Amino acid sequence: RYAYVNGRYVDHRDASVHIEDRGYQLADGVYEVVGVRDGRLIDEKPHLDRLDRSLRELQIAWPVSRQALSFVIRELMRRNRLRDGLVYMQVTRGVARRDHAFPTTPVKPALVLTTKNTKHVGADTGPGISVKSQPDIRWERCDIKTVGLLPNVLAKQAARESGAYEAWLVDADGNVTEGASTNAWIVTPDGELVTRHTDNGILAGITRGTLKAIANDLQLKLVERPFTLAEAKRAKEAFISSATSFVTPVVKIDGEPVGDGKPGPTARRLREEYVRFAD
Ligand code: PDD
């Protein structure tokens with residue numbers, strides 16, 4: 001298995017970065033995760049658009065051109081014989097003697113890519129997952145996909161320790177913002193599909209964006225608004241979305257069954273259509 005590190009394809013076991021990389025010391029960097037299905041990237045363009053936005057928000061330059069990055073992604077996939085799985089890419093501000101402020105002399109942003117093989121998953125949603133609510137203790141720029149993920153890490157760990165797969169983050173108003181690494185959706189008792197609106201409070205998921213278009217095609221009634229944890233617990237259906245989970249039904253919230261406790265028809269349908277889109 002290869003990794004890509006600053007211009008080189010190296011054995012994953014030997015891949016390393018400098019100890020003064022600002023990503024390592026200060027979480028001063030951004031990342032993307034792009035799903036791969038049957039050897040094809042899912043939604044490459046919007047992922048690279050979001051990377052561009054994250055970089056601009058932090059005033060980090062592109063380490064290589066966008067075209068070159070596209071090539072590197074494909075070359076790493078080829079070398080790793082990646083059919084199904086994901087590509088991880090990370091850009092940090094670069095290597096400089098530690099100081100909170102940006103380096104005053106120009107540094108080259110560091111670019112690292114890895115891939116992960118997963119087994120081919122189908123249109124079937126499987127049995128669904130449990131989620132556990134956790135306070136959303138993150139900062140006010142959750143729209144930037146930075147590698148500063150400690151609140152997400154702690155929330156996910158708390159969920160896992162309670163036997164749940166994902167954490168649903170709840171803000172000071174009692175609203176579910178999103179998952180630790182996924183977007184959150186519910187279907188209300190009157191059949192409204194609800195996911196929180198995007199602003200600085202959540203990451204605008206690429207999968208979320210594609211699902212919006214699919215929901216529109218299916219003429220589902222989609223509303224982007226906040227929803228409380230209490231509303232989620234009363235919902236007919238709930239599910240999560242991300243590049244890695246596609247659409248995965250949530251069948252339990254804090255140990256209480258959602259709806260009849262089984263994956264619902266809306267989640268199943270959206271999953272089917274998403275897989276069709278990715279194929
Ligand atoms: N996570 N919200 C958060 C906080 C995320 O970290 C992610 C993605 C999403 C879903 O976004 P998308 O549909 O673009 O994957 C929402 C990636 C998969 C990760 O950190 O591994």
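Student: What share of the contacts in the protein chain with a separation of 6 or more comes from residues 24 or more positions apart?

Tutor: Bear in mind that this is a predicted model. Contacts are counted between residue pairs whose C-beta atoms, placed from the backbone, lie within 7 Å. Here, residues 24 or more positions apart account for 71% of the contacts with a separation of 6 or more.

Student: How many helices and strands does the protein chain have?

Tutor: The protein chain has 7 helices and 16 strands. Its radius of gyration is 19 Å, close to the 19 Å that the globule rule gives for 279 residues, so the chain is as compact as a globular protein of that length. Buried residues make up 40% of the 279.

Student: What is the strand order in the open sheet of 6 strands?

Tutor: Two strands pair if DSSP finds at least two bridges between them. In this sheet the order is E2-E1-E6-E5-E3-E4, and the pairing is antiparallel. Strands E2 (8–11) and E4 (40–41) stand at the edges with a single partner strand each, so one side of each has no neighbour in the sheet. E1 (residues 2–5) is joined to E2 by 4 bridges, and Tyr2 has Asp11 in E2 as its bridge partner.

Student: Which helix lies across these strands?

Tutor: Helix H3 (residues 66–79) does, running at about 40 degrees to E6 (110–117).

Student: Which residues come nearest to the ligand?

Tutor: Of the 14 residues around the ligand, Gly205, Ile206, Thr207, Ser242 and Ala243 come nearest. Helix H5 (206–217) and strand E14 (237–242) each supply at least two residues of the shell, with the largest share, 3 residues, coming from H5. By class, the shell holds 8 polar, 4 nonpolar and 2 charged residues.

Notes: Residues numbered from 1 in each chain as written. Predicted model: local features only at pLDDT ≥ 70, side-chain atom pairs only at ≥ 80, totals over all residues. Near = placed C-beta within 6 Å. Nonpolar A, V, L, I, M, F, W, Y, C, P; charged D, E, K, R; others polar. Contact = placed C-beta atoms within 7 Å. Axes fitted to C-alpha atoms, helices over the stretch in contact; angles between N-to-C directions. Rg over C-alpha atoms; globule rule 2.2 N^0.38 Å. Buried ≥ 20, exposed ≤ 12 C-beta atoms within 10 Å, placed from the backbone.
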